[in-house]
There are 2 protein chains.
Amino acid sequence: MSLDLRGDLVRLFRDIVDIESVSGHEGPLADAVEAALAPLSHLAVVRDGDTVIARTGLGRDQRVVIAGHLDTVPVAGNLPSRLADGLVHGRGTVDMKGGVAVALGLAAALEQPSKDITWIFYDHEEVAATDNSLTRLAASRPELLTGDFAILMEPTSARVEGGCQGTLRFTVTTRGRAAHSARAWRGHNAIHDAGEVLRRLEAYRPRTVKVDGLSYREGMNAVDIRGGIAGNVIPDSCTVTVNFRFAPDRDEADALAHCRELMDGYDLEFIDLALGARPGLDRPLARDFLAAVGGEPVAKFGWTDVARFSALGVPAVNYGPGDPLLAHADDEACPVTDLYACRDALARWLG
Amino acid sequence: MSLDLRGDLVRLFRDIVDIESVSGHEGPLADAVEAALAPLSHLAVVRDGDTVIARTGLGRDQRVVIAGHLDTVPVAGNLPSRLADGLVHGRGTVDMKGGVAVALGLAAALEQPSKDITWIFYDHEEVAATDNSLTRLAASRPELLTGDFAILMEPTSARVEGGCQGTLRFTVTTRGRAAHSARAWRGHNAIHDAGEVLRRLEAYRPRTVKVDGLSYREGMNAVDIRGGIAGNVIPDSCTVTVNFRFAPDRDEADALAHCRELMDGYDLEFIDLALGARPGLDRPLARDFLAAVGGEPVAKFGWTDVARFSALGVPAVNYGPGDPLLAHADDEACPVTDLYACRDALARWLG
């Protein structure tokens with residue numbers, strides 16, 4: 001299917017949605033995106049794996065990066081797309097083919113933008129961070145990702161969501177001594193000992209903190225607990241997995257120390273960690289963008305790829321069509337008004 | 001292999017051990033037992049499935065039931081048997097082919113015992129209670145199991161262990177509300193709520209209670225805990241499985257009420273329950289037996305099939321060769337002195 005970037009935006013959106021692109025199978029959609037962008041003489045197009053990058057080279061003072069991922073979570077009987085009552089329904093309509101459609105339309109329309117623009121359409125976002133193509137590109141070709149400001153077109157209901165929180169996970173394992181449960185006093189119950197770990201989590205009061213003017217609300221939660229050998233054995237170990245979501249004013253050392261302090265006396269095993277991103281809304285380019293878009297920016301709570309741009313020194317915000325609470329839902333659907341709002345605001349700012 | 005019931009006891013023991021009889025595969029051993037007992041004219045032999053029952057019919061005033069199971073837990077590279085330093089090593093040496101060997105030897109030797117005797121060699125003890133052949137026989141042919149006193153030849157290091165404790169298991173499930181862990185305040189963490197369940201178990205002080213002169217030590221223990229959906233989701237449920245081991249002075253209603261009281265405010269789901277057995281050592285026949293065996297009787301903590309005899313109105317004790325703490329261990333081994341001690345004491349009492 002060929003994509004008509006200059007035609008009706010809703011038609012373009014539905015065509016993109018109807019090209020299935022579950023993570024690992026982005027090829028056909030990446031082909032269609034590359035084919036649609038390649039003929040545009042104001043853009044230099046690069047294909048790297050299933051990622052397509054198109055850049056203007058007008059020698060402007062500033063460069064804006066606008067990015068969206070092509071992949072979706074698995075289809076749940078919700079394709080092909082369907083338009084009803086001003087909503088486009090179907091897998092990927094919220095996360096995040098609306099943003100991809102708006103970006104592709106603008107990539108074609110903005111032949112002489114006021115800032116140079118790098119359009120990025122990338123793969124493998126909905127899977128392990130190590131497979132995300134931005135991980136590869138940040139290492140192999142960082143110059144393709146850099147700029148003065150980045151907009152990740154993840155769903156935000158067409159509001160600006162600044163930065164993102166960090167996330168880490170760790171396990172706490174209590175150790176006991178196994179014994180037959182008919183002679184419990186010969187053993188030591190590791191599950192009972194985990195009660196103290198849960199008690200600390202229960203009593204934990206998360207911070208809400210302002211960073212660059214936006215309020216971030218942290219959270220420290222058990223997300224898993226496992227213990228037990230058999231129905232007649234005193235358990236010798238119990239493992240609690242904890243997820244800490246932290247505001248972008250914490251660096252890695254601070255986040256780890258905070259967990260260690262909370263679980264003082266226990267050995268923690270850290271499983272993964274992704275730092276947050278400060279919203280960076282105090283920069284002049286960000287202020288211009290906010291003025292063009294309007295509305296009050298809010299904090300982004302979930303971790304998103306804005307943190308990757310932040311790590312490269314590029315302030316980044318989330319801004320795109322669709323309600324983020326519907327991401328991955330079987331009934332995800334995006335209002336067409338969100339598409340127009342995002343397209344028009346970006347065109348105003350970049351036109 | 002044919003079993004020589006009147007030959008050397010250690011040889012008989014090792015021959016029995018060397019006929020593998022993991023639960024469900026008792027056939028060859030049951031065949032050998034039946035073949036060895038059938039020619040003995042002082043015994044009436046019944047085969048029911050893989051259970052063999054042999055009874056004297058001398059018209060004595062009293063009948064003693066002596067029982068042992070033929071099956072073992074799975075072999076762990078510990079067969080064939082091995083004799084070293086007065087210990088016979090190998091699967092089943094402790095649980096409980098030593099008792100089986102002593103019983104078979106006595107069944108042949110005691111042609112004119114002072115009490116009538118019912119010898120029971122049964123199958124499927126090391127598996128679910130519903131598969132235990134005593135469950136079937138208690139329902140279909142209870143007359144084969146009844147008597148005035150029963151001795152279950154489970155390992156007790158040749159001491160008398162009276163009665164047994166009861167056991168029940170229940171689950172407590174806490175319910176929360178799932179949410180993305182980046183927005184934990186939209187959900188409710190069911191694992192954190194399980195902290196209160198563990199707190200009550202941790203604070204629980206089990207009773208030690210005397211029943212018919214023996215001290216029983218109870219226990220209330222979490223034996224399993226499970227909760228969690230994914231690393232980034234607030235868990236909506238957490239299930240704690242609790243095992244209550246209770247003294248034989250509690251009946252079913254009392255045991256259930258005690259658990260409900262401890263977990264007041266939670267819904268409990270009871271999974272299984274097996275009542276204990278009072279030691280019944282105040283009966284005249286039991287006193288005679290104790291006098292013949294000697295030593296101080298102690299309480300049996302684990303649940304055993306004595307409870308089945310107790311439920312049929314037959315007081316029962318555990319008495320057999322081998323250290324019960326080695327039951328099911330890969331290095332289980334039984335001192336030959338235990339075999340002789342049990343054989344000689346029973347011969348004294350029944351001769």
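Does Glu332(B) count as buried or exposed? Please start there, then take me through the chain.

Modeller: Some ground rules come first. This is a predicted model, where local features need pLDDT of at least 70, side-chain atom pairs count only at pLDDT 80 or more, and totals for chains, interfaces and linings use all residues; side-chain values use heavy atoms, with hydrogens and water left out. Residues are numbered from 1 along each chain as its sequence is written, while chains are lettered from A and ligands numbered from 1 in the order in which they are written.

Now your residue. Glu332(B) counts as buried, at 2% relative accessibility. Buried means under 20% relative accessible area, exposed means over 50%, and partly exposed is in between (1.4 Å probe, protein chains only). Glu332(B) sits in the loop between β18 (316-318) and β19 (333-335) of chain B. Helices (H or I, at least four residues) and strands (E, at least two) are DSSP runs, numbered from the N terminus.

What touches Glu332(B)? Residues up to four places away in sequence are not counted here. Its partners include Val88(B), His89(B), Gly90(B), Arg91(B) and Gly92(B). Thr93(B), Val94(B), Asp95(B) and Leu326(B) touch Glu332(B) too. A contact means heavy atoms within 4.5 Å.

How do the two chains relate? A rotation of 180°, with 0.1 Å of shift along its axis, superposes chain A on chain B (RMSD 0.2 Å). That is the relation of a two-fold axis. The same surface serves both copies, since 100% of the contact residues of chain A recur in chain B. Copies are superposed by least squares on the C-alpha atoms of residues with pLDDT of at least 70 in both.

Let us turn to chain A as a whole. Chain A has 9 helices and 19 strands. Its C-alpha atoms fill a box of roughly 80 × 45 × 40 Å along the principal axes. Of the 351 residues in chain A, 57% are buried. Among contacts in chain A with a separation of 6 or more, 78% come from residues 24 or more positions apart. Charged side chains in chain A number 36 positive and 50 negative, and the centres of the two sets lie 4 Å apart. Here Lys and Arg count as positive and Asp and Glu as negative; His and the chain ends are left out. Each charge is placed at NZ of Lys, CZ of Arg, CG of Asp or CD of Glu.

Next, helix α1 of chain A. It spans residues 9-18 and is mostly covered, with 8 of its 10 residues buried. Among the buried ones are Leu9(A), Leu12(A), Phe13(A) and Ile16(A). Arg14(A) and Asp15(A) are buried as well. The buried residues of α1(A) pack against α2 (27-37), β4 (82-84), β5 (87-89), α3 (93-109), β19 (333-335) and α9 (336-350) of chain A. At the start of α1(A), a side-chain oxygen of Asp8(A) comes within 3.3 Å of the backbone nitrogen of Val10(A).

Follow the chain out of that helix. Ser21(A) lies in the loop between α1 and α2 of chain A. Ser21(A) is buried, with a relative accessible area of 1%. Its side chain makes a polar contact of 2.8 Å with the side chain of Lys97(A). A polar contact is a pair of N or O atoms within 3.5 Å; within protein, one must be able to donate a hydrogen and the other to accept it, and residues adjacent in sequence count only if both atoms are side-chain atoms. Beyond neighbours within four places in sequence, Ser21(A) is in contact with residues including Glu26(A), Leu29(A) and Asp71(A).

Helix α2 comes next. Its buried residues include Gly27(A), Leu29(A), Ala32(A) and Val33(A). Their cover includes α1, β1 (44-48), β2 (51-55), α3 and β6 (116-122) of chain A.

Last, some backbone details. A cis peptide bond joins Leu79(A) and Pro80(A), with omega about 0°. Pro80(A) lies in the loop between β3 (63-69) and β4 of chain A. Another cis peptide bond joins Asp95(A) and Met96(A), with omega about -10°. Met96(A) is in helix α3 of chain A. Asp85(A) is not a glycine, yet has a positive phi of about 55°. Asp85(A) lies in the loop between β4 and β5 of chain A.
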